[in-house]
Amino acid sequence: MEEPDLGDYAIVLCGAEEAGNVGSACRAMKTMGLGRLILAGCPEYDEKRVAMMAVHAFDVYERALRFPDLASALGGFSLAA
């Protein structure tokens, strides 16, 4: 069975407060083949904590796009669930 192309999908975290949760989300995303992370209305994080929880997925965090709020984060998408 062929792996689906998930390149057009993004995960949006809105108002995530804990760096460890963001790192864990990065790790889960990479495991599932997702690489586009969007942070909406999120604070700056302790990158050492993000990296510790992300394990080998810190690159997902490094590529993350940041937006001031959820509305602007979703502005470029035609569908959100």
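**First stop: E47**

Select E47, which sits in helix α2, residues 47-54. Helices here are DSSP runs of H or I with at least four residues, strands are runs of E with at least two, and both are numbered from the N terminus. This is a predicted model, in which local features need pLDDT of at least 70 and side-chain atom pairs count only at pLDDT 80 or more, while totals for chains, interfaces and linings use all residues. Residues are numbered from 1 along each chain as its sequence is written, and side-chain values use heavy atoms, with hydrogens and water left out.

E47 counts as partly exposed because its relative accessibility is 45%. Buried means under 20% relative accessible area, exposed means over 50%, and partly exposed lies in between (1.4 Å probe, protein chains only).

**The whole chain**

Zoom out. The chain has four helices and three strands, and from the N terminus its elements run β-α-β-α-α-β-α. The radius of gyration is 13 Å, close to the 12 Å of the globule rule for 81 residues, so the chain is as compact as a globular protein of that length. That radius is taken over C-alpha atoms, and the rule is 2.2 Å times the number of residues to the power 0.38. Along its principal axes the C-alpha trace spans about 35 × 30 × 15 Å. Of the 81 residues, 30% count as buried.

**A loop residue**

Select A16, in the loop between β1 (11-14) and α1 (19-31). Is A16 buried or exposed? A16 counts as buried, at 17% relative accessibility.

**Salt bridges**

Side chains of opposite charge can pair when their charged atoms come close. A salt bridge is a side-chain nitrogen of Lys or Arg within 4 Å of a carboxyl oxygen of Asp or Glu. The count comes to three salt bridges.

Select R49 and E18, whose side chains meet in a salt bridge at 3.2 Å, N to O. R49 is in helix α2 and E18 in the loop between β1 and α1, 31 residues apart.

Next, select D59 and K30, which form a salt bridge at 2.7 Å, N to O. D59 lies in helix α3 (residues 58-62) and K30 in helix α1, so this pair ties together parts 29 residues apart in sequence.

Shared partners join K30, D59 and R63 into one network.
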